[in-house]
Amino acid sequence: MAQAQKSTFASGFKGMKLSAPRCQLPNARTSRMDVVMMASKTQRGRWRGMDADVDMSDDQQDIARGRQMVDSLFQGGGGMGGTHNAIMSSTDYLSTAARNFNNIEDGFYISPAFLDKMSIHVAKNFMDLPKIKVPLILGIWGGKGQGKTFQCNLAYKKLGISPIVMSAGELESGNAGEPAKLIRQRYREASDIIKKGRMCSLFINDLDAGAGRMGDATQYTVNNQMVNATLMNIADSPTNVQLPGVYKNEEIPRVPIVCTGNDFSTLYAPLIRDGRMEKYYWNPTREDRIGVCMGIFQHDNVDRADVEKLVDAFPGQSIDFFGALRARVYDDKVREWITGTGVENIGKRLINSREGKVEFEKPSMNLSTLMQYGNMLVEEQENVKRVQLADEYMSGAALAGSSGSSLPEAYRR
């Protein structure tokens, strides 16, 4: 009788959960459900690392990453309607902007003044100077072909920095606001690298070509306006840079920005003011030009005396002129190879050939040869300046067939 009452009593409470005081420790008879119920609210679960307040990575990556971690019943279909399929391709979110200059071999010339300006700018941005407002942006500007970008690459390598790189082509897009968002993403990416214990910088090539106004013919777009405004905002608040639509106050490491360009007067004037941007006009001296040319001809056994004579012979030319001059010297060797191989067989020999790469002896680069090809390059430059066919076509002064050719007499020699 007592046994029957005990079984009836137990069956009456079957399926019901008995609450216990929070301070009471579970004993051996406590069910697993009771243990979960009495667990602390601060317990770190399996998915804690993907919570919004912990994981700062992109949501699209989290969606795709969770596919293999959730039961297939809750994953959705394999098509675009699946709940664990990223809306955009994951490759769109992988950074390809980080540059490493370890492939640049030694022996190239770094201007002492250029390295001094960059190293001081980077160091000041990582220092905590009392009551000193350090400009976040260093604008390096100067003439075309003077080696500003390559000098920056050499300086970054010397400083041991792998910068996050942007080009002028990324400052315009068919989608309004996309370039400004990209600048913020790249800045935060560089900030994450600094947070991990390595120096980093944001390097923007040819800023004036993407955000400047080249006369009345350049249309001022929404993206131009937002790029200028974004850079101004970052320069004013370098430790609180959020993505569009995010307004939480989050402290991030400061990232020095280095920009190159040809004419910063085309940029928005408040952006280049002294509090935001420090300007540096790069005009290489004779010693700088000789040093750079020694690096260009370092594998060709050209004496320093010949390099000095070559630089003095073309004083008005940019530094890239001498790089083009060195490449032009190889024309004779390539012409000999084409003659020996045959014009009709060039494609078979150059593309997917079993014989490997084409190799031939280095041409002799003495002073007379360099001067000869240098004068040829100067003549081509003068022809471009003198023969301005666009003006003649627009004015109708030179009609095709009127004199046997549409080219002026000066160019038909």
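**View A. Y281 and W141 in a predicted model.** Y281 is partly exposed, with 44% relative accessible area. W141 is also partly exposed, at 27%; the cut-offs for this class are 20% and 50%. The two rings form a tilted aromatic pair, 4.6 Å centre to centre with 50° between the planes. W141 sits in strand β1 (residues 137–141) and Y281 in strand β5 (residues 277–281), so the pair ties together parts 140 residues apart in sequence. The model is predicted.

**View B. Aromatic pair F314 and F321.** This pair is tilted too: the centres lie 5.2 Å apart and the planes make 50°. Both residues are buried. Elsewhere, ring pairs join F114, Y280 and W282 into a cluster. The count of aromatic pairs comes to 7.

**View C. The largest nonpolar core, 32 residues.** I137, Y187, L202, I204, L207 and I257 touch the most other members. Elements β2, α6, β3, α7, α8 and β4 each supply at least two residues. Helix α6 gives the largest share, 6 residues. Beyond its sequence neighbours within four places, Y187 contacts residues including L136, L202, I234, V255 and I257. A second, separate core has 20 residues, among them C293, F314, F322 and V329.

View D. D208 lies in helix α7 (residues 207–211). The D208 side chain instead reaches the backbone nitrogen of N262 at 3.0 Å. Not counting residues up to four places away in sequence, D208 touches M214, T260, G261, N262, D263, F264, T266 and L267.

Note on methods: Residues are numbered from 1 along each chain as its sequence is written. This is a predicted model: local features need pLDDT of at least 70, side-chain atom pairs count only at pLDDT 80 or more; totals for chains, interfaces and linings use all residues. Side-chain values use heavy atoms; hydrogens and water are left out. Helices (H or I, at least four residues) and strands (E, at least two) are DSSP runs, numbered from the N terminus. A polar contact is a pair of N or O atoms within 3.5 Å; within protein, one must be able to donate a hydrogen and the other to accept it, and residues adjacent in sequence count only if both atoms are side-chain atoms. Contact means heavy atoms within 4.5 Å. A nonpolar core is a set of buried Ala, Val, Leu, Ile, Met, Phe, Trp, Tyr and Cys residues joined through side-chain atoms within 4.5 Å. Buried means under 20% relative accessible area, exposed over 50%, partly exposed in between (1.4 Å probe, protein chains only). Rings of Phe, Tyr and Trp (its six-membered ring) pair if their centres lie within 6.5 Å; planes under 30 degrees apart count as stacked, over 60 as edge-to-face and the rest as tilted.
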